[in-house]
Amino acid sequence: MRHAVDRDILFHLQQDGRLSSVDLAKRVGPTPPPCLRRVERLEESGVITGYRAAIDPAALGRQLEVLVDVEIYAQDRKSLEAFEATVAAHDEVVECRRMYGRPDYFLGVAVSDHAAYEAFVTEKLSGLPAVLRLESHLTMKTVKMNG
């Protein structure tokens, strides 16, 4: 993407995905019809993949956010797929990424408190057959988060 207007459109939609085409056009320059056509082109080309609501975890009673490094001992496709399906099915897991190198996986976990996290790790995560090692990192402060 080379055009500055497209970059501006993406920036503003990331800040507020509910902007009307009129408000978006006021912020990026072109009149609403050409601005809307640009947004549609960005959607059709797959640059914009969807629109989502940003949820405050604390408002849902999930104010403790933990980042978990997971190393697994099995590297065959069947074990990886089973691990991923099991982890993705847990409501506490809000993000799961398979990584290059170590750790094998990076999980974002959101729970109500330390007791809930301990129960999640003990009952749902550490007992999985492929898990070799877990390392938890508690978030002190979120400095930046892209939507």
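Read along the sequence, the protein chain runs α-α-α-β-α-β-β-α-β. That makes 5 helices and 4 strands. Helices (H or I, at least four residues) and strands (E, at least two) are DSSP runs, numbered from the N terminus. The model is predicted: local features need pLDDT of at least 70, side-chain atom pairs count only at pLDDT 80 or more, and totals for chains, interfaces and linings use all residues. Residues are numbered from 1 along each chain as its sequence is written, and side-chain values use heavy atoms, with hydrogens and water left out.

**Overall dimensions**

- The protein chain has a radius of gyration of 20 Å, whereas a compact globule of 147 residues would have one near 15 Å. The radius is taken over C-alpha atoms, and the globule rule is 2.2 Å times the number of residues to the power 0.38.
- Along the principal axes, the C-alpha atoms of the protein chain fill a box of roughly 55 × 35 × 25 Å.
- Of the 147 residues in the protein chain, 31% are buried. Buried means under 20% relative accessible area, exposed means over 50%, and partly exposed lies in between (1.4 Å probe, protein chains only).
- The accessible surface of the protein chain is about 10,300 Å², and carbon and sulfur atoms account for 52% of it. Areas come from the Shrake-Rupley method with a 1.4 Å probe; for residues, only the protein chains shown count as cover.
- Among contacts in the protein chain with a separation of 6 or more, 61% are between residues 24 or more positions apart. Contact means heavy atoms within 4.5 Å.

- The 4 strands form an open sheet in the order 2-3-1-4, with antiparallel pairing. Strand 2 and strand 4 (131-138) stand at the edges with a single partner strand each, so one side of each has no neighbour in the sheet. The twist averages 20° from one strand to the next. Axes are lines fitted to C-alpha atoms, for helices over the stretch in contact, and angles run from 0 to 180 degrees between N-to-C directions.
- Two strands pair if DSSP finds at least two bridges between them.
- Strand 1 (residues 64-72) and strand 3 run antiparallel and are joined by 7 bridges. V70 stands opposite Y105 in strand 3. L64 has V111 of strand 3 as its bridge partner.
- Strand 1 is also joined to strand 4 by 7 bridges, again antiparallel. Here L67 has H137 of strand 4 as its bridge partner.
- R97 is partnered with F106 in strand 3.

**The hairpin turn**

- Strand 2 and strand 3 form a hairpin with 6 residues between them. G101 in the turn has a positive phi of about 75°.
- P103 sits in the loop between strand 2 and strand 3. The peptide bond from R102 to P103 is cis, with omega near -5°.
- For background, most residues other than glycine have a negative phi, and most peptide bonds are trans.

**Aromatic residues**

- The structure holds 1 aromatic pair. The rings of F83 and Y105 have centres 4.7 Å apart and planes at 50°, so the pair is tilted. The pair links distant parts of the chain: F83 is in helix 4 (residues 77-88) and Y105 in strand 3, 22 residues apart.
- Rings of Phe, Tyr and Trp (its six-membered ring) pair if their centres lie within 6.5 Å; planes under 30 degrees apart count as stacked, over 60 as edge-to-face and the rest as tilted.
- F83 and Y105 are both buried.
- F11 lies in helix 1 (residues 4-15). F11 has 45% relative accessibility and so counts as partly exposed.
- F11 and V28 are 17 residues apart along the chain, and their C-alpha atoms are separated by 9.8 Å.
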